[in-house]
Each structure stands twice: as C-alpha cells, then as structure tokens.
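Please keep the sequence and the structure in view while reading.

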Amino acid sequence: MGPGGAGCSDRLLLTVGWLLLAGLQSTFGIDVTAVQDPSLANEGENEAEEEAENDSEAENEPPAEARTDVSNRTTVKEVEFGMCTVTCGVGIREVILTNGCPGSESKCILRVEECRGPVDCGWGKPISESLESVRLACVHTSPVNRFKYIWRLLRPDQQAIILANDSAILEVHRDTHPKAFECETLDNNEIVASIKFTIYTTTELQMKRSSRPDIDAVLVLVLTMGVIMCIFVVFVLIFIIINWAAVKDFWGAKASTPEIQSELSSVRYKDLSSLDQSPTSEIPGHEDDALSEWNE
C-alpha cells in the first residue's frame, strides 16, 4: 500500500476511535476531554478542590449580623478592687464593677473575694479576758475550719513548745509569770498569718487597771466640759435665731446710748465754753466806767 493509503487508514482509525469514545461518553458519562488531554483533567480537579474549599469556608464563617451580635455581647467590663478588711493576714474585699452595671447605676458589687496582707501581724489583743483566764483568737476568715492552726508557747532563749490545740480559739489561765503565745494560720501548708499575744499575771493586770482610772477620769471630765460648752453654744444660737427681732432692737438701743451720751457731753462743753467767755467780755466795759468817773 502507498503512502496515501497509509494516511487514509490512520485518519479512518482516528475517526472510528472518536466515534467509539463519543458513544461511551453518552452511555457511561465518561469525560472525553480527560482522555484527550491529561493536563486539562488535572486543572479541572484543582478547580473543583478550590471550589469545595471556598464553599467550606463560606459555611464556617458566621454572617455579618452574628459577628456584630457577638461584639455587642462581649462588652469590656472594667472592675476595681475595694479596700481589704485587714492590714495583715487574710481578709475579704469587694470587687466593684464600674462599667456594665444594670440600670443607671455607675458602680455595683460584682463579687466578694479573699485578700491577703503581710504575714506578720505583730502583737495582738485577747478577744476577752478576766482575772483568771484569757481567750485568744488566730487570724482567720469564714469558714473557720478551712485553715489549719498551730499554737506555740514562746520561751525566751529556748525553743517554742507546740501546743495540742489546733482550733482558732485558745483559752489560757493566768499564771504567776507572764507568758507569750503565737498562732500561725496555714492554708494548704502555707503560712498566711502569724500573731503573738502576751498574757500578764493577775497582779500585773490589777496594777494596769488601777493606773488607768486617773487618766480616764481626766479624759471624761474634759470630754464632758466640751460637750456642755457645745450644747450651750447651740442653744444660744437657736435663741438668737428665734428672737432675732428682739436681739436686733436690744443691740440697736445699746448702740444708740453712747451716741446720746456723746451729744450731751458736746452740748455741755459748748455751754461751759460760752460761760467762760462772757465775763472777759464784760471787764472792758467796767474799766471804761471807772476811768470816766476818775476823770470827772
């Protein structure tokens, strides 16, 4: 067969192949372009993947209205902390909301929380005492059983003795010698407060109480006098306000009396001066009469 026949046979085979592919596409839904060019098929797959990713992102993104609602709900809340109820140890304080309070209130209490100060509270005072016994209390907040308490009897130049009492309250009977006690408050095995107490003897307590009345009596006297003076001044002011017209007339009369006296004194002074001048004016007349009689 010649070259022309070979070319015709090739064209014929290509035509038959395309017809077969077209029939397969219509029957089974096969993509002819994918068979025709693999690079075009890859591009189509990439485009399909990009469209799927865009659709998933669009589904995940909330609508614009939802975003605005979330921003409105998450309003920034500003808080400030109140003063702690204690200067040492464990106490409580208020957390005050300064923005976002209900209604027209500018500030409102958000919550109450625990606050802590320095651990060492120094020397404390008993919660109650008598001539026989004293009651001491550790630093604590409610609930009391939340903390652990360790009581010690302090001794000079010796190691302290740990007492068996593990409660927040300790009752001690007075002895012939003064004693010193210390209580440590622990939270999760951490010391949060420590306070010491001095327990005086009965004799020392009586001496302290006997030396106080003199000072107390003077203080009470001064305070009493001050209160009486204040009450007197208040009553005087009230009387003046109620009887203002009469007081005004009274002071007006008092003020006019010196003026009248000054006028009377000035009038008297004028009368006396006129009386003093009248004899001197009459003396020259008498002298003229005497001279005229002598000349005669």
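The structure holds ten salt bridges, and since the model is a predicted one, every value given here was computed from its atoms.

| Pair | Distance, N to O |
|---|---|
| Glu114 and Arg116 | 3.2 Å |
| Glu114 and Arg146 | 2.3 Å |
| Glu129 and Arg174 | 3.0 Å |

Glu114 meets the side chain of Arg146 in a salt bridge. Because Glu114 belongs to strand S3 while Arg146 sits in the loop between S6 and S7, this pair ties together parts of the chain that lie 32 residues apart in sequence. Glu114 is partly exposed, its relative accessible area being 29%, and Arg146 also counts as partly exposed, at 37%. Arg116, the other partner of Glu114 in the table, is partly exposed as well, with a relative accessibility of 41%.

Elsewhere, salt bridges that share partners join Glu114, Arg116, Arg146 and Asp187 into one network.

Next comes the sheet that contains strand S3. Three strands form an open sheet in the order S1-S2-S3, and their pairing is antiparallel. Strand S1 (79-81) and strand S3 (108-116) stand at the edges with a single partner strand each, so one side of each has no neighbour in the sheet. From one strand to the next, the twist averages 25 degrees. Strand S1 is joined to strand S2 (residues 90-97) by three bridges, and within S2 the bridge partner of Glu80 is Ile96.

The largest nonpolar core has 21 residues, of which Leu136, Tyr149, Trp151, Phe181, Cys183 and Ile195 touch the most other members. Strands S6 (133-137), S7 (148-154), S9 (169-173), S10 (179-187) and S11 (190-199) each supply at least two residues of this core, and the largest share, five residues, comes from S11. When residues up to four places away in sequence are not counted, the residues that Leu136 touches include Pro126, Trp151, Leu170, Phe181 and Ile199.

Terms used
Residues numbered from 1 in each chain as written. Predicted model: local features only at pLDDT ≥ 70, side-chain atom pairs only at ≥ 80, totals over all residues. Heavy atoms only, no water. Pairing = 2+ DSSP bridges. Helix = DSSP H or I, 4+ residues; strand = E, 2+ residues; numbered from the N terminus. Axes fitted to C-alpha atoms, helices over the stretch in contact; angles between N-to-C directions. Core = buried A, V, L, I, M, F, W, Y, C linked by side-chain atoms within 4.5 Å. Buried < 20%, exposed > 50% of the residue type's maximum accessible area, 1.4 Å probe, protein only. Contact = heavy atoms within 4.5 Å. Salt bridge = Lys/Arg side-chain N within 4 Å of Asp/Glu carboxyl O.
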